[in-house]
Amino acid sequence: MGNVRFGDTNLSNSDDSSIRQPFGNTGIHLQNLKDVRSQPVVLYKGTGYTEIFVSEGVELRLTATLADGSVRWQSYEVDADAATTTGDFTGIPQADGSTLYRETVSSAPDPSNTEASQTMLTVPVTIDQESGQILVIYSTRTDEEKPE
């Protein structure tokens, strides 16, 4: 059955993160840390809420298949008034009735953070989820564009 988790759980790209979760909430934390090897994140999920936190210096490459639900994004500005913007990603309907989402978002590195690597780290995240919502949370700087 693989690495099965029941109820609420958290994942990170610094762990071996391939799990099966029949139900519950999932927090996925993507970090760009010095001397820590990044791993792809794979989640096979029944129903529930999934939140992906994209830390500074990380580019998320999301591939998500969702039978019933939506994939949303929320960005916040770190150098201004902490304004928050939200929106929905648009997926591609599949023959089986599910929707496929392929999205890339990134949080720019913070030059003052000495704990993080100063280069962008790309982290692939694959989610196959039956129902619920996926929310991607990331930061922007005032000169960056938000997704369309």
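Tutor: A residue is called buried when its relative accessible area is under 20%. The model discussed here is a predicted one.

Student: With that cut-off, what percentage of the residues of the chain count as buried?

Tutor: The cut-off of under 20% relative accessible area is applied to each residue. The chain has 148 residues, and the share of them that count as buried is 39%.

Student: Which pattern does the chain follow when it is read along the sequence?

Tutor: The chain contains 0 helices, whereas its strands number 9. Read along the sequence, these elements give the pattern β-β-β-β-β-β-β-β-β.

Student: In which sense do strands S5 and S8 pair, and over how many bridges?

Tutor: Strand S5 covers residues 58–77 and strand S8 covers residues 99–107. Within these strands, Ala 64 stands opposite Tyr 101 of S8. The pairing of S5 with S8 is antiparallel, and the number of bridges is 9.

Student: Which residue in the turn between S7 and S8 has a positive phi?

Tutor: Strand S7, residues 92–93, runs antiparallel to S8 and is joined to it by 2 bridges, with Ile 92 standing opposite Leu 100 in S8. The two strands form a hairpin with 5 residues between them. In that turn, the residue with a positive phi, of about 95°, is Gly 97.

Key
Residues numbered from 1 in each chain as written. Predicted model: local features only at pLDDT ≥ 70, side-chain atom pairs only at ≥ 80, totals over all residues. Heavy atoms only, no water. Helix = DSSP H or I, 4+ residues; strand = E, 2+ residues; numbered from the N terminus. Buried < 20%, exposed > 50% of the residue type's maximum accessible area, 1.4 Å probe, protein only. Pairing = 2+ DSSP bridges.
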